[in-house]
There are 2 protein chains.
Amino acid sequence: MSSCCNQEERADKATKLLDTDRAFSARSVEVGAVQAFHEFLAEDALMLNDGGQPVTGRETIFERMSKGSPDNVLIWEPQRAEVAKSGELGWTWGTFEYRVIESDTVKSVSHGKYLNVWRKDASENWKVLVDMGNSSPTPE
Amino acid sequence: MSSCCNQEERADKATKLLDTDRAFSARSVEVGAVQAFHEFLAEDALMLNDGGQPVTGRETIFERMSKGSPDNVLIWEPQRAEVAKSGELGWTWGTFEYRVIESDTVKSVSHGKYLNVWRKDASENWKVLVDMGNSSPTPE
């Protein structure tokens, strides 16, 4: 197994994981959170939603998320990423906004933070293995 | 750098991390969550509390936690652990109970789940690098 690295190489891997998480958020804005999560979750992903029971499996998560309003917007900004020396496991955390949209108008915005565990799949693409979120105070 | 492993060795590493998380919970019951977290958090730990702002640093987290009631009990049970092939980074998730105690009586119990990122310190001991929790429905 190849493993790595000097500090610079590890920082570069973390930057690439941050970029992936940003691309995930951009995709959520572009096509909606339901489709974006389906694209970025690992097949055996675990979703730890605030107030809910754990949900396991990308397809089951997709079915649950599909019941929500497709107009609402989930957007986030990763704050930090770290990748294991072996390069196949990493994590990010960041802050998110969930915007409830009705008749093309933002009706409410809730703020939170998330912690994601990422794993590289067989094609060397980062996928979200665990996704957890909770609420944050509303910014003043 | 040494890295590993065949599947059996990785499973063994995951079991050891599960054991560490269980020992952390046992310590929380024994000496209280505040002291247990001080012992098990990494120096640069990040706490992502439900409803709060992120808190960085073991000593800052300790100060915040010290303001709570020392009689309340935080107890948890890890459900799964995974360790990177390189062996220095891992994660656990599990379920917790937070018991509010007044006059030696359990006044209320809240249920939740958590996701922890762990990193081995210079002495090869697992420490919690990121701790996040959120609420779960009350079991029937």
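1. Basis of the note. In this predicted model, local features need pLDDT of at least 70 and side-chain atom pairs count only at pLDDT 80 or more, whereas totals for chains, interfaces and linings use all residues. Residues are numbered from 1 along each chain as its sequence is written, chains are lettered from A and ligands numbered from 1 in the order in which they are written, and side-chain values use heavy atoms, with hydrogens and water left out.

2. The interface of chain A and chain B. Chain A brings 35 residues to the contact and chain B brings 35 residues, where contact means heavy atoms within 4.5 Å. The size of an interface is often given as the accessible area lost when the parts come together. Here the buried area is about 2,900 Å², and carbon and sulfur atoms give 66% of that area; the term stands for the accessible area (1.4 Å probe) that two parts lose on being put together, summed over both.

3. Side chains of opposite charge can pair when their charged atoms come close. One pair to inspect is B:Arg10 with A:Glu88, which form a salt bridge whose closest N and O atoms are 3.6 Å apart.

4. A:Arg27 and its two partners. The side chain of A:Arg27 meets that of A:Glu30 in a salt bridge at 3.3 Å, N to O, and these two residues are separated by about one helical turn because they are 3 residues apart in helix α1 of chain A; helices (H or I, at least four residues) and strands (E, at least two) are DSSP runs, numbered from the N terminus. A:Arg27 also forms a salt bridge with A:Glu39, at 2.7 Å from N to O. A:Arg27 lies in helix α1 of chain A and A:Glu39 in helix α2 (residues 33-40) of chain A, so this pair ties together parts that are 12 residues apart in sequence. On accessibility, buried means under 20% relative accessible area, exposed over 50%, and partly exposed in between (1.4 Å probe, protein chains only). A:Glu30 is exposed at 59%, while A:Arg27 is partly exposed at 25% and A:Glu39 is partly exposed at 26%.

5. Elsewhere, A:Asp44, A:Arg119, B:Arg80 and B:Glu82 are joined into one network by salt bridges that share partners.

6. Helices α2 and α3 of chain B. Helix α2 (residues 33-40) and helix α3 (residues 58-65) of chain B pack at an angle of about 175°, with their axes 10 Å apart; axes are lines fitted to C-alpha atoms, for helices over the stretch in contact, and angles run from 0 to 180 degrees between N-to-C directions. The two helices are therefore roughly antiparallel to each other, a term for angles over 145 degrees, with under 35 counted as roughly parallel, 65 to 115 as roughly perpendicular and the rest as oblique. From α2(B), B:Ala33, B:Val34, B:Phe37 and B:His38 meet B:Arg58, B:Glu59, B:Phe62 and B:Met65 of α3(B).

7. Two buried residues in chain A. A:Gly90, found in strand β4 (residues 89-102) of chain A, is buried with a relative accessible area of 2%. Not counting residues up to four places away in sequence, A:Gly90 touches residues including A:Leu17, A:Trp118 and A:Trp126. A:Ser25, in helix α1 (residues 7-31) of chain A, is buried at 4% and, with the sequence neighbours up to four places away left out, touches A:Ile75 and A:Trp76.

8. Positive phi values. A:Ser103 is not a glycine, yet has a positive phi of about 50°; A:Ser103 sits in the loop between β4 and β5 (105-120) of chain A and is exposed, at 70% relative accessibility. B:Glu124, which is not a glycine either, has a positive phi of about 70°; B:Glu124 lies in the loop between β5 (105-120) and β6 (126-135) of chain B and is exposed at 53%.

Note on methods. Salt bridge = Lys/Arg side-chain N within 4 Å of Asp/Glu carboxyl O.
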